[in-house]
Amino acid sequence: MDHKRVTLFAGHYGSGKTNIAVNYALLLAREGKKTAIADLDIVNPYFRTKDSASELEAAGVDLISPQFANTNVDLPALPAEAYRLVEDKSLYAVMDIGGDDRGAYALGRYAPFILEEGNYRMAFVANPYRPLTRTPEEALEVMREIEAAGGLPFTAIVNNGNLAHETTAETVLAAVPYMEKLSELSGLPVWMTSAEEAVAAELAGKVPGLLAMRLQAKYFDLPEQKSPPKVGPLFG
């Protein structure tokens, strides 16, 4: 899997971008790269990179998270330290961007530096099983909203098709036509397919760019999804 110096993950609420950002940072560290991850999501109070602080620290990944993250403060403040990710060219930087256009506003202050360097990948994390991105056309609309708010164009797509606890290899594979259509509409490649480790083991050799993930502990606190959406109608 090829890497850029700065990698950003963005997508709608519930797309799974935080889990992917954390696991991608851990992958970079395993490859011996000096890695830092920044939580720029000032909207979602539930899933935070800070929830994986101990695992990231053990792997040697520097974590930059909003002040007062995981507290009862409604709007955590972004730390000035986050500028180090765009200034220190020796770092492999990973950024977890807030869901949809409101969350992407925080990216605007870093976008000029990222564009000037030109060594970045902005990945749209897509999950067709979420209510507001059930069609590629809906996902494309969210992409455009995030781009307009954050000032940075997407360059790639991540297939994170999942049904939480009920995800199987078939769940992920069924999302492939959706991703291909989104790729066609946006003109962007599908860079990565992500899945929990056990599911990823079943997908080995079936999809390119596979990222096997360990899910954050908080993920397992979510209620089971008893009535998963049917795959067929999602894709028209």
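A salt bridge is a side-chain nitrogen of Lys or Arg within 4 Å of a carboxyl oxygen of Asp or Glu. By this criterion, the predicted model shown here holds 10 salt bridges.

**Figure 1. Salt bridge between Asp2 and Arg121.** The side chains of Asp2 and Arg121 meet at an N to O distance of 2.7 Å. Asp2 belongs to the segment before strand S1 (6-10) and Arg121 to strand S5 (residues 120-126), so the contact ties together parts of the chain that are 119 residues apart in sequence. The two partners are placed as follows: Asp2 is partly exposed, with a relative accessible area of 45%, whereas Arg121 is buried, at 8%.

**Figure 2. Charged end of Arg121 over the ring of Trp191.**

**Figure 3. Aromatic pair of Tyr24 and Trp191.** The structure holds six aromatic pairs. One of them is formed by Tyr24 and Trp191, whose arrangement is edge-to-face, with 5.5 Å from centre to centre and 75° between the planes. The pair links distant parts of the chain, as Tyr24 lies in helix H1 (residues 17-30) and Trp191 in strand S7 (residues 190-196), 167 residues apart. Tyr24 has a relative accessible area of 0% and is therefore buried, the limit for this class being under 20%. Together with Phe9, the residues Tyr24 and Trp191 form one aromatic cluster.

**Figure 4. Aromatic pair of Tyr83 and Phe113.** The ring centres of Tyr83 and Phe113 are 6.1 Å apart and the ring planes stand at 85°, so this pair is edge-to-face. Tyr83 is located in the loop between strand S3 (62-64) and helix H3 (84-87), and Phe113 in helix H5 (residues 111-117); the pair therefore ties together parts that are 30 residues apart in sequence. Tyr83 is partly exposed, with a relative accessible area of 26%, and Phe113 also counts as partly exposed, at 37% relative accessibility.

**Figure 5. Contacts of Lys33 with Glu31 and Tyr92.** Lys33 forms a salt bridge with Glu31, in which the closest N and O atoms are 3.2 Å apart. The charged end of Lys33 also sits over the ring of Tyr92, at 5.5 Å from the ring centre. Glu31 counts as partly exposed, at 39% relative accessibility, and Lys33 is partly exposed as well, with a relative accessible area of 22%.

Figure 6. Lys181 and Glu184 form a salt bridge whose closest N and O atoms are 3.7 Å apart. Glu184 is exposed, with a relative accessible area of 57%, whereas Lys181 counts as partly exposed, at 32% relative accessibility.

**Figure 7. Network of Asp62, Glu81 and Arg84.** Salt bridges that share partners join Asp62, Glu81 and Arg84 into one network. Side chains of opposite charge can pair when their charged atoms come close.

Key:
Residues are numbered from 1 along each chain as its sequence is written. This is a predicted model: local features need pLDDT of at least 70, side-chain atom pairs count only at pLDDT 80 or more; totals for chains, interfaces and linings use all residues. Side-chain values use heavy atoms; hydrogens and water are left out. Helices (H or I, at least four residues) and strands (E, at least two) are DSSP runs, numbered from the N terminus. Buried means under 20% relative accessible area, exposed over 50%, partly exposed in between (1.4 Å probe, protein chains only). Rings of Phe, Tyr and Trp (its six-membered ring) pair if their centres lie within 6.5 Å; planes under 30 degrees apart count as stacked, over 60 as edge-to-face and the rest as tilted. A charge sits over a ring if NZ of Lys or CZ of Arg is within 6 Å of the ring centre and within 35 degrees of the ring normal.
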